[in-house]
Amino acid sequence: MTSRRIGRRVFIIAAIVLIAGIAAAAVATRNLWSGKTGGPLQAVSAPADVVARGKYLAEAADCAACHTAPGGAPFAGGLPMPSGFGTIYGTNITPDPDDGIGRWSAEDFWRALHDGIRRDGQQLYPAMPYTSYRGMTRADADAIYAYMMRLRPMKVTNRRTELNFPFNIRLGMLGWNMLFLHDSLPAVSAGSSPAWQRGRYLVNVLGHCGECHTPRGIVGEMELSRSLTGFALGRVAAPDITPAALASRGWTSAGLRVYLGRGLARQGSAFGDMHPVILLSTRNLTAEDLNAVAIYLLGDDPPPPAPLPATAATESAAANGAGRMSYVALCAGCHGLDGNGVPNTVVAMRDNSTLRLVDPRNLIVAMLDGIGAENFPHRASMQAMPSFSDKLSDAEAAALANYLRVTWGGQKGDVTPAAVRALR
């Protein structure tokens with residue numbers, strides 16, 4: 001990090017602290033002095049159709065993914081979410097009166113979703129995507145609340161956040177919100193149809209896709225001028241899903257509908273953080289809502305899918321050496337010499353969207369880490385892909401990546417051993 005960038009970061013942090021101090025003078029009394037730690041257990045009576053609608057909306061909002069720890073009870077919290085500022089843990093949102101939201105009113109719930117404020121008046125961190133949920137309608141928030149309050153209460157104690165100073169001072173979020181909390185998020189495609197409008201709500205608000213797919217600034221804010229252009233929040237990068245980028249990788253509306261509904265499409269399979277998104281959220285969307293999402297992501301007048309770019313003879317020659325030898329030895333037994341894979345069992349290399357990414361990060365990570373066995377809807381099951389980190393040197397892994405990208409991705413064979421080494 002350059003001294004200029006460090007200075008800029010210090011300046012922004014100082015500005016946030018200053019603004020937080022000013023804002024605190026106006027709102028601290030309301031938010032903190034009126035904080036609630038006791039109170040009655042809430043008894044929620046809602047019609048069955050409202051509860052059912054709340055369940056659907058909670059799935060569309062992917063609440064379970066962040067509020068369920070591996071092997072833990074659904075919605076009982078405990079999932080660690082690492083960030084550049086420390087680790088935040090998903091909270092218990094079952095209706096337990098002490099550890100969950102059993103004493104929360106519908107107004108408390110709405111305030112958390114809309115303003116990022118807990119029932120006790122403390123500020124939430126934007127790992128809880130209130131920065132996207134702020135656009136949710138009150139009726140939808142109330143329906144989700146009605147569903148949540150019907151869940152089985154789970155007595156699972158919440159884990160404390162482990163953030164570095166000064167980010168562990170929640171009061172600083174007052175200034176952060178003044179700078180970065182917006183009532184709506186920008187559209188990334190052109191459209192005006194009812195399906196496009198619905199898709200924008202599903203993608204920008206309920207699905208909060210921008211929280212992973214939008215680049216982050218130096219204090220964790222979404223850089224909305226680059227909405228959905230991709231970001232490596234974790235080890236596997238969330239790719240660019242703007243219309244032009246999707247079309248450049250061969251995506252169509254039909255392909256997106258299949259991928260979001262099943263996790264498997266001609267363009268590839270969901271892996272990394274996207275796998276639970278499919279299983280817990282998008283596969284539960286209605287056909288109409290899946291169509292709306294696809295329409296919004298590509299626009300009312302979608303760009304045609306780009307054909308695979310032709311590769312230069314020099315690129316093909318470079319890729320057909322050591323890289324091809326590694327592919328034949330390690331990969332062809334499952335993916336096939338022709339790269340066609342095995343339907344519903346082994347992902348194809350041909351037409352694979354990951355290989356068509358300009359950034360080779362996800363391909364390199366998959367080669368080094370492997371991908372665990374994954375189940376998908378309709379009894380599809382992808383077998384595990386082993387890690388090759390101990391079988392390939394940096395140079396061999398780079399050569400294999402270049403072979404794959406040139407042969408089936410239409411990309412340049414420019415992956416270097418240093419790029420592989422940086423991801424080990």
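These legends accompany several close-up views of a predicted model.

View 1. Look for L171 in the loop that runs between β3 (162-163) and α7 (172-180). L171 counts as partly exposed because its relative accessibility is 36%, which falls between the 20% and 50% limits.

**View 2. Helix α8 and its neighbours.** Helix α8 covers residues 194-206, and its 13 residues should span 18 Å at 1.5 Å a residue; the end C-alpha atoms are 17 Å apart, which agrees. Its buried residues are W196, G199, Y201, L202, V203, N204, V205 and L206. These buried residues pack against four partners: α2 (48-60), α5 (130-133), α6 (138-148) and α13 (287-298). After the helix comes H208, with a positive phi near 40°.

View 3. The whole structure holds 8 aromatic pairs. In one of them, F85 and F167 make a tilted pair, with 4.6 Å from centre to centre and 55° between the planes. The pair links distant parts of the chain, 82 residues apart: F85 sits in the loop between β1 (80-83) and β2 (86-89), and F167 in the loop between β3 and α7. F85 counts as buried, at 18% relative accessibility, while F167 is partly exposed, with a relative accessible area of 21%. The limit for buried is under 20%, so the two partners fall into separate classes.

**View 4. A cluster of rings.** To finish, here are Y327, Y403 and W408, which ring pairs link into a cluster.

Methods. Residues numbered from 1 in each chain as written. Predicted model: local features only at pLDDT ≥ 70, side-chain atom pairs only at ≥ 80, totals over all residues. Heavy atoms only, no water. Helix = DSSP H or I, 4+ residues; strand = E, 2+ residues; numbered from the N terminus. Buried < 20%, exposed > 50% of the residue type's maximum accessible area, 1.4 Å probe, protein only. Expected span 1.5 Å × (residues − 1). Contact = heavy atoms within 4.5 Å. Phe/Tyr/Trp six-rings, centres within 6.5 Å; stacked < 30°, edge-to-face > 60°.
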